[in-house]
Structures are given as C-alpha cells and as structure tokens.
Amino acid sequence: MSELKLHIYKGREVEKTYTAETYDLLSGTVEDIMELIDIDKLSNSKNDIALIAEVVKMLKGAFNLVKPLIKEIFDGITDDEIRRTSFKEVAHLLINVSTYGLAEMADIGGEKN
C-alpha cells in the first residue's frame with residue numbers, strides 16, 4: 001500500500017478526491033493514529049465488516065482527535081470537506097495507516113546494523 005485516498009462528497013456524488021503517499025507520512029501522525037486504534041481488537045476481527053465496526057466503536061467520541069490527523073495526511077483538506085467524507089472511508093484510512101505503521105516497525109525491527 002503506498003497511496004491513501006479520501007473522497008469528498010456532494011450529496012452521493014464524489015466531488016473531490018484527496019490522495020497521499022504513505023511514505024510521506026510523518027512518524028508522529030502514524031503514531032497518533034495507532035494510539036487511537038486498539039490493534040489487538042482489530043486483529044481479532046473476523047471480516048471487513050467486523051473490522052470497520054471495531055474502528056467505529058473506537059472512534060466514537062474521538063473524532064475531534066481524528067480531524068487534525070486527516071489534515072496532516074491530506075494537505076489542504078478543510079473542516080467542511082472532512083464533514084463530507086464517508087465515515088467508513090475514514091475508518092479504512094485509519095486501518096491502512098495503522099497497518100502501514102506496524103509494517104514499518106516490523107521492517108525496522110528486522111534490520112541488521
């Protein structure tokens with residue numbers, strides 16, 4: 001996974017799409033997202049629906065913490081645009097960033113000096 005996408009909707013139509021490359025993510029952003037998500041619960045999810053349901057539960061009441069992270073990932077996105085995203089897409093975004101962070105940590109742990 002190298003590209004992250006987030007659609008902005010006008011009604012049911014996609015008005016705009018923001019993209020970002022995972023390798024451009026700041027480590028602090030990845031760390032903050034991973035702190036929001038309980039990785040153990042996610043790894044126990046049996047399917048995509050269960051996975052999304054777990055993320056939605058974790059983010060309930062914490063979306064005010066997610067908005068600044070979305071702004072760090074997608075340069076130029078506004079609060080109004082964030083309000084017009086799909087919560088399911090935001091959940092997938094957070095899962096993808098968490099997965100990327102875990103993979104990066106595994107790569108670092110496996111490197112030899």
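**Charge, fold and a loop**

Modeller: Helix H1, residues 27-36, contributes the most to the negative patch, with three residues. Keep in mind that this is a predicted model.

Colleague: Which residues gather in that patch of negative charge?

Modeller: Glu-31, Asp-32, Glu-35 and Glu-72. They sit together on the surface.

Colleague: Take Asp-32. Where does it lie?

Modeller: In helix H1.

Colleague: And why does Asp-32 count as partly exposed?

Modeller: Because its relative accessibility is 33%.

Colleague: Okay, step back. What does the secondary structure of the chain come to?

Modeller: Six helices and two strands.

Colleague: How much of the chain is made up of buried residues?

Modeller: 37% of the 113 residues.

Colleague: New topic: Thr-85. Where is its place?

Modeller: In the loop between helix H5 (79-83) and helix H6 (87-110).

Colleague: Is Thr-85 buried or exposed there?

Modeller: Buried. Its relative accessible area is 16%, so Thr-85 falls under the 20% cut-off.

Colleague: What lies 2.8 Å from a polar atom of the Thr-85 side chain?

Modeller: The backbone oxygen of Ile-82. So that's a polar contact, because the pair is within 3.5 Å.

Colleague: Great, that covers my list.

Conventions: Residues are numbered from 1 along each chain as its sequence is written. This is a predicted model: local features need pLDDT of at least 70, side-chain atom pairs count only at pLDDT 80 or more; totals for chains, interfaces and linings use all residues. Side-chain values use heavy atoms; hydrogens and water are left out. Patches are made of residues with over 30% relative accessible area and no salt bridge: like charges are joined within 9 Å, nonpolar side chains (Val, Leu, Ile, Met, Phe, Trp, Tyr) within 5 Å. Accessible areas come from the Shrake-Rupley method with a 1.4 Å probe; for residues, only the protein chains shown count as cover. A salt bridge is a side-chain nitrogen of Lys or Arg within 4 Å of a carboxyl oxygen of Asp or Glu. Lys and Arg count as positive and Asp and Glu as negative; His and the chain ends are not counted. The place of a charge is taken as NZ of Lys, CZ of Arg, CG of Asp or CD of Glu. Helices (H or I, at least four residues) and strands (E, at least two) are DSSP runs, numbered from the N terminus. Buried means under 20% relative accessible area, exposed over 50%, partly exposed in between (1.4 Å probe, protein chains only). A polar contact is a pair of N or O atoms within 3.5 Å; within protein, one must be able to donate a hydrogen and the other to accept it, and residues adjacent in sequence count only if both atoms are side-chain atoms.
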